[in-house]
Amino acid sequence: MRRLVGHTALLTMLASTTAAQDNGPSYTVFGTPGLLEMPTAESAAPNEIAVTLAYSATGGYRTSFTYQLTDRLSGSFRYGVFDQYGQPTTANPDPENFETFDRSFDVQYRLTNESGYIPAIAVGMRDFLGTGRYSSEYIVASKSIGSDLVVTAGLGWGRMGQNNSFANPLGVVTDYFDDRPVYQDREFSDDPTVGLGGQLSTNQWFRGDAALFFGAEYQYSEKLGFKAEYSSINYPEEVFNPAVDYASPLNFGLSYRYKPGIELGASYMYGTEIGLRGTFILNPTERATASGLDPAPAPVRVRTADQRAAATWDRARQPEAAVRKGLGDLLAIEGIELVGLEITDRTARLRYENTRYRSEAQAMGRAARMMTQVIPPSVQTFIMEPVQAGLPLSQVRLPRDQIESLENTVGASAAIYNAASFGQAGVAAGLESLPDPDPRFRWGVGPYLALTVFDGSGPLNADVGLEAMAEYQVNRNLIVSGRVQQTALGERDALNFFDNENDYVNVRSDQAYYGLSGDPVLTSLYGAYYTRVTPEIYGRVTAGYLEKMYGGVSTELLWAPVASRLALGAEVDYVMLRDQDMGFGFAKYDTLANDERVEDGDYSTVTGHLSAYYDIGRGYQAQVDVGRYLAGDYGATFALDREYENGWKIGGYFTLTDMSSEDFGEGSFDKGIRITIPYDYFLGTPTRNTTSTVLQSLARDGGAKLQVNGRLYETVRSGQLSDLTDTWGRFWR
């Protein structure tokens, strides 16, 4: 979990402004396309995101996040809060009603599309990577009758195989499917090795008794629909089930599409209670505001035939200093800083820093237009070298005559791309670099909202207040940055470090309890230095209070050839755990943790990783990190992200280390979903700013990584060939 902009509030805001879209499937109380509890074989539009908030008196609260990864495949993450009651066990001889927090993951794949006589058929699993309280597998078919009615029937196993169940039909294949192993929850079991959550219970899948479910949805009008279902979940009064007041398998409800992107629902469930639901839908490929709000680019200045024929440049009439000054002034209009310029009779090499446009291709196109205004006419080739954090990212050679002839033609983006050549940025020799800007001091004050989600004490802890940010740019490669926050909530209950049931220090599980004194807190204060070691190798050193929990030194090297889809990195960090008051001090421990403590009792550790980054294509990026984590455990993190051309980025990750699932605790291993949204998506005006959030099933100490701003791959990637190619359509924009 990370203190970031609240994902639910942000997605709700975006959903409320999303572009109009065709009605897709409605959603269940579990946050998946379907009826009320039961799934259907329908799929949302590709790339669609749905956040569902559901409540019922005994069913409790559920918050679900569902993402339609492809046309056929969808995945869901869910967090539930409900009442539970238990029966006596050795571990818990006097059970009472209590509140339980439950996390679960779902997946569904549509096997067939609906046709004239064939229904859509899908197979799925509910709660296949959680605590298992709702663990189910199913196969379901849905068929439209006319334009307003959809009927559904399915066969379920596990929790969906309880009501009027019968022998598993898969038993005719092998008796392996006849019985389903009993799932036990660790918290109430004498056996501490089972029921941790986060483990794939593959030995249960499609095993045991099965049961039928069915239902229908009738779309009465464009906005109002009615649902009815026969549920195959009967909620028996067993120790590990939610305390649901169950009397009937028949559920009834309605859905109301308040506006595009917002669906409200009400239901009468189990023959005993009323439920409410709200689903907020958006699609990253559909802009929330009108596009094209960027200021119009300057027109290309076209040379005359005589100017094109010139072999040399009259430096007396057009001094180089005047050219440099004029170009710098023009680039500043576009939010582009001129870093250096080299001009010969036939070429002009421009090194520049884009401070405004998310796409380096768009900034490059704007810079090239400005070059046509002032670069001497004998120059035939523009050499563009974008820079970020003082690092030259790449070199793109553009024929000037193609820029002049293609500006207003059909297919201009593809044509100028084919005419361009790409390579590593050149050396500084020959480049007339402008002096580093005078040390620049930037600052700002504004409100902040910080949400800590799924911390084990509850689904959500919120903080709100004012944040002050300051940044001092010493030179192009060295930046000093800091942030201070003052909460508006005053002093809150401070909790001491948890006592882990293992030998590991609470390197991450205590983060929800940092900064609770009500005094100003130092979120971060560090200096970051960037350098290019060789044309293909970049370096970074960051030192200071790196994040809310750790201070120290972080060092990194990255090998990233411009034209390669593969990049390799190495990072080594030495850090110390900060005090919970988030001042300038560091935490003290009275006990050893993995034999790692310095003489004064501060917890310090060395952590680091070898990383591989690979651009798969079509917006997919894979990353693998192998190394040592903050708690001293060793392992690897695997991540896959999908980045859209409009800047949205959605992905998931999981980490496996030598910390056992028992030592890790509930959740078994670290995993989560991460989302990045560019501001220009909903502002409509160009900016490089983004906001990010991470949804984690549970933050524990296993697989915990240091959080450092400005890691190299994300810094240089925008100038790599693959990223330039993906966003090249913005060159003329």
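The paragraphs below lead through the cores, the paired strands, the surface and the charged pairs of this predicted model.

Residues are numbered from 1 along each chain as its sequence is written, and side-chain values use heavy atoms, with hydrogens and water left out. As the model is predicted, local features need pLDDT of at least 70 and side-chain atom pairs count only at pLDDT 80 or more, whereas totals for chains, interfaces and linings use all residues.

The interior comes first. A nonpolar core is here a set of buried Ala, Val, Leu, Ile, Met, Phe, Trp, Tyr and Cys residues joined through side-chain atoms within 4.5 Å, where buried means under 20% relative accessible area, exposed over 50%, and partly exposed in between (1.4 Å probe, protein chains only). The largest such core has 37 residues, and those with the most contacts inside it are Leu327, Leu350, Ile375, Phe382, Met384 and Leu398. Among the elements that give two or more residues to this core are α3 (320–333), α4 (360–374), β15 (381–388) and β17 (395–399), helices being DSSP runs of H or I with at least four residues and strands runs of E with at least two, numbered from the N terminus. The largest share of this core, eight residues, comes from α4. Leu398 touches, among others, Ala368, Phe382, Met384, Ile416 and Phe731, not counting residues up to four places away in sequence; contact means heavy atoms within 4.5 Å. A second, separate core of 34 residues includes Tyr504, Ala528, Ala560 and Val708.

Strand β23 (residues 521–534) runs antiparallel to β24 (residues 537–545), joined to it by nine bridges, and the two form a hairpin with two residues between them. Within this pairing, Tyr529 has Val541 in β24 as its bridge partner. Strand β24 also pairs in the antiparallel sense with β25 (residues 550–559), over eight bridges, and here the hairpin has four residues between its strands. Ala543 stands opposite Val553 in β25.

Strands β20 (440–453) and β21 (460–475) each supply at least two residues of the patch. Trp443, which lies in β20, is exposed, with a relative accessible area of 60%.

The charged pairs remain. A salt bridge is a side-chain nitrogen of Lys or Arg within 4 Å of a carboxyl oxygen of Asp or Glu, and by this rule the count comes to 34. One of them joins the side chains of Glu137 and Arg180 at 2.8 Å, N to O, and links distant parts of the chain, with Glu137 in strand β6 (residues 136–145) and Arg180 in the loop between β7 (149–158) and β8 (210–219), 43 residues apart. Glu137 is buried, with a relative accessible area of 1%. Arg257 and Glu263 also meet in a salt bridge, at 3.4 Å, N to O, and both of these residues are buried.

Key
Pairing = 2+ DSSP bridges.
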